[in-house]
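The tour goes from one selection to the next.

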Amino acid sequence: MKRANTFDVIPQSSEDEELLRRLLDASAALWNEINYERREHYEDPDQDVWEISEYRGRYGGTLGASTVQQIERKNREAWRSFFSLKKKGEANGKPGFWGNAEEGRELRTYIRNTSYSVKWGKYSRLEILVGQDLKDEYGLGHRERLRLEVWGEPNWKEYDKQGRLELCWDEQARSFRAFQPVTIDTSRLAHPLASEEAALDLGANNLVACTTITGQQYLYEGRDMFERFRETTREIARLQSLLEDGRYSSHRIRSLYRRRTRRRDHAQDALARDLIERLHSEGISTVYVGALTDVLDTHWSVESNAKTHNFWAFRQFIDRLACTAEEYGISVEVRSEAWTSQECPQCGSTERTTRHRDTLTCPCGFEGHADLTASETFLRRQTDVARSMARPVRLKWNDHEWSESPRSCSNEERTNPQVASVGR
Ligand SMILES: [Zn+2]
């Protein structure tokens, strides 16, 4: 099966950054030259679009022969797709240029699968081929490649084949981005250890509350993260109110947006992996995920509800979760979960229960952690939950990883152990 990794690439010094920029700029210059020639040939009935000059001589020293070939190939693909769309009457114009020399070129390149390597680890690295002239100029050894730092957790660290790497400068995010297509042999995927099930309740205060049919409960806390998100959002709003008329953004605002997004993505990626690894070792083969039901504190407005959605980017998280689950042969099923978050697991009432912060109480005597209870009720709707629940594992984010909090065992946060059997 075909998948892709996307990650940020960081040069380790200003010389390396300059080298990388020159490499991407020369790639764009090459693309523009090839494309210009093809456009000329296209207009001239005596010329053939596919017959173009030899560019390796002028660009090989900067880009390396294989990258010259990849850019040429990429351009050929663009023209081929233009012709096939034209045939269907859907063409939207000839292939375009990557910017221009006066206003700046779009910094981008394509690197052949054998001309780069990625080492995944605690400090991941990307090494790419550059032309001999650039190596000489920047003091790289004859066989040396340009070494770059990689940021972000890739979906796929193990694969059977890597495809052509796309590397570009993202003006919006002000960072270098890499897109790496990979092929994974399905025999490589892990198999579920058993066919157990689990259910998740997603929210903003607690990002994920999970109950497994094997009696485990996990709670990933989000309150601190959400508070920081709200602080950054307030700061963005303040800066926006200071902008001159007709301006919508500034460098500072973009950088805040970017940091806010990056923090969330990092925590989400790590959460998906931490959770799926735990579920895999529990023998889970199916995970049910409900839509957002977090009953927000009463003083929160409709507007903050919208912000919650924005913050957690549920769709993106579920996609990420499904992607990670796939590695372990676990399937993720999205189910509607209407009002399970307010349902009392003991008497079934949804009207009499009250939620105060994380605690759900019912006049029938039930008291438990609201989100964990919701995930348990949700699970019970999908399948039989027979066993009593172990002490919930509470996980906190420290900006790097999710780790078990010593507060895992506070008593009032457990769901009533008798509930599971009573509820059946
Ligand atoms: Zn009740």
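**Whole chain**

Start with the protein chain shown as a cartoon; the model is predicted. Colour the chain by accessibility next: of its 424 residues, 48% are buried. Among contacts in the chain with a separation of 6 or more, 71% join residues 24 or more positions apart.

**The zinc site**

Select the zinc ion and the side chains around it. Which atoms coordinate the zinc ion? The SG atoms of C344, C347, C362 and C364 do, at 2.2 to 2.3 Å. Angles among the 4 donor atoms run from 105 to 115°, and the site is tetrahedral. Along the chain the donors are spaced as C-x2-C-x14-C-x1-C.

Now look at two of these cysteines by accessibility. C362 has a relative accessibility of 7%, so it counts as buried. C364, at 30%, counts as partly exposed.

**A loop residue with positive phi**

From the zinc site, select R357. R357 sits in the loop between β16 (354-356) and β17 (359-361). Its phi is near 50°, a positive value in a residue other than glycine. Is R357 buried or partly exposed? R357 has a relative accessible area of 44% and is therefore partly exposed.

**The largest nonpolar core**

Select L20, L126, I128 and L167. These four touch the most other members of the largest nonpolar core, which has 44 residues. Helix α1, residues 14-43, gives the most to this core, with 10 residues.

Centre the view on I128 and leave out residues up to four places away in sequence. I128 then touches L20, L23, I111, S115, Y116, R145, L146, L148, L165 and L167. Another core, of 30 residues, lies apart from the largest one. Its members include L200, V287, F317 and L395.

**Along helix α1**

Select R38, which is in helix α1. R38 has a relative accessible area of 0%, so it is buried. Its contacts, leaving aside neighbours within four places in sequence, are V49, W50, I52, E72, N75, R76 and W79. Use the distance tool on the C-alpha atoms of R38 and N75: they are 37 residues apart along the chain and separated by 9.3 Å.

Ring pairs link Y42, W50, W79, F82 and F83 into a cluster.

**More rings**

How many aromatic pairs does a search of the whole structure find? It finds 14. One of them is formed by W397 and W402; the pair is tilted, with 5.3 Å from centre to centre and 40° between the planes. W397 and W402 are both buried.

Stay here and select D399. D399 belongs to the loop between β19 (393-397) and β20 (402-404). D399 is not a glycine, yet its phi is positive, at about 80°. With 34% relative accessibility, D399 counts as partly exposed.

- R21 lies over the face of W169, 4.3 Å from the ring centre.
- R108 lies over the face of W98, 4.6 Å from the ring centre.

Select W156. Where is W156 placed? W156 is in the loop between β7 (146-151) and β8 (161-162).

To finish, check the C-alpha atoms of W156 and I184: 28 residues separate the two in sequence, and the distance in space is 8.7 Å.

Definitions and conventions: Residues are numbered from 1 along each chain as its sequence is written. This is a predicted model: local features need pLDDT of at least 70, side-chain atom pairs count only at pLDDT 80 or more; totals for chains, interfaces and linings use all residues. Side-chain values use heavy atoms; hydrogens and water are left out. Donors are N, O and S atoms within 2.8 Å of the metal (3.2 Å for Na, K and Ca); water is not among the atoms, so sites may look incomplete. Four donors count as tetrahedral if all angles lie between 85 and 135 degrees; four count as square planar and six as octahedral if opposite donors are over 155 degrees apart and all others between 65 and 115; anything else is irregular. Buried means under 20% relative accessible area, exposed over 50%, partly exposed in between (1.4 Å probe, protein chains only). A nonpolar core is a set of buried Ala, Val, Leu, Ile, Met, Phe, Trp, Tyr and Cys residues joined through side-chain atoms within 4.5 Å. Helices (H or I, at least four residues) and strands (E, at least two) are DSSP runs, numbered from the N terminus. Contact means heavy atoms within 4.5 Å. Rings of Phe, Tyr and Trp (its six-membered ring) pair if their centres lie within 6.5 Å; planes under 30 degrees apart count as stacked, over 60 as edge-to-face and the rest as tilted. A charge sits over a ring if NZ of Lys or CZ of Arg is within 6 Å of the ring centre and within 35 degrees of the ring normal.
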